[in-house]
Amino acid sequence: MKDQCPVCQQLYEPEPGYYYGAMFVSYALTTGPTLGIVALMMLFSDEITTWMFVGALVLALVLFLPAIFKLSRSIWINIFISYDPTAAATPQARGH
């Protein structure tokens with residue numbers, strides 16, 4: 001991950017440990033695909049065992065982890081730092 005935006009110089013990690021909160025966003029984003037896989041299993045199976053659910057969770061994590069990782073960090077930083085379209089005009093205005 002880059003240290004700062006090449007256009008507006010916004011720091012992507014404003015403080016150490018900034019993205020710990022992104023874990024909660026990641027948890028919420030992982031729930032959707034996992035429940036989708038479980039719903040598909042319910043359509044094709046009479047009973048869902050614990051191991052089937054764990055397998056669905058692992059499958060969802062393996063398939064969607066790269067996208068969920070980046071998306072959760074993007075959502076987390078956008079909660080606290082709003083987009084400023086004029087920041088490109090004044091490159092040193094933010095982040096320092």
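Contact here means that heavy atoms lie within 4.5 Å. The model is a predicted one.

The protein chain contains 2 helices and 0 strands. Helix H1 runs over 22–44 and helix H2 over 50–80. Of the chain's 96 residues, 26% count as buried. Its accessible surface amounts to about 7100 Å², and carbon and sulfur atoms account for 69% of that. If contacts between residues at least 6 apart in sequence are considered, 58% of them join residues at least 24 apart.

H1 is made of 23 residues and spans 34 Å between its first C-alpha and its last, which is close to the 33 Å expected at 1.5 Å a residue. Its buried residues are Ala 22, Val 25, Ser 26, Thr 30, Thr 34, Ile 37, Val 38 and Met 41. What covers these buried residues of H1 includes helix H2.

Ser 26 sits in helix H1. Its relative accessible area is 19%, and because the cut-off for buried is under 20%, Ser 26 counts as buried. Once neighbours within four places in sequence are set aside, Ser 26 is in contact with Ile 68 and Ser 72.

Tyr 27 also belongs to helix H1. Its relative accessible area is 62%, so Tyr 27 counts as exposed, the cut-off being over 50%. The C-alpha atoms of Tyr 27 and Ile 68 are 9.1 Å apart, although 41 residues separate the two along the chain.

The largest nonpolar core consists of 7 residues: Tyr 18, Tyr 19, Ala 22, Val 25, Trp 76, Ile 77 and Ile 81. Helices H1 and H2 each supply at least two residues of this core. Apart from it lies another core, of 5 residues, which include Val 38, Met 41, Ala 56 and Ala 60.

The surface has a nonpolar part as well. Trp 51, Phe 53, Val 54, Leu 57, Val 58, Leu 61, Val 62, Leu 65 and Phe 69 make up a nonpolar surface patch, and together they have about 870 Å² of accessible area. One member of the patch, Val 62, is located in helix H2. Val 62 has a relative accessibility of 61%, so this residue counts as exposed.

Cys 8 is found in the segment before H1. With a relative accessible area of 13%, Cys 8 is under the 20% cut-off and therefore buried. Asp 84, by contrast, is in the segment after H2.

Notes: Residues are numbered from 1 along each chain as its sequence is written. This is a predicted model: local features need pLDDT of at least 70, side-chain atom pairs count only at pLDDT 80 or more; totals for chains, interfaces and linings use all residues. Side-chain values use heavy atoms; hydrogens and water are left out. A nonpolar core is a set of buried Ala, Val, Leu, Ile, Met, Phe, Trp, Tyr and Cys residues joined through side-chain atoms within 4.5 Å. Buried means under 20% relative accessible area, exposed over 50%, partly exposed in between (1.4 Å probe, protein chains only). Helices (H or I, at least four residues) and strands (E, at least two) are DSSP runs, numbered from the N terminus. Patches are made of residues with over 30% relative accessible area and no salt bridge: like charges are joined within 9 Å, nonpolar side chains (Val, Leu, Ile, Met, Phe, Trp, Tyr) within 5 Å. Accessible areas come from the Shrake-Rupley method with a 1.4 Å probe; for residues, only the protein chains shown count as cover. A salt bridge is a side-chain nitrogen of Lys or Arg within 4 Å of a carboxyl oxygen of Asp or Glu. The expected span of a helix is 1.5 Å times one less than its number of residues.
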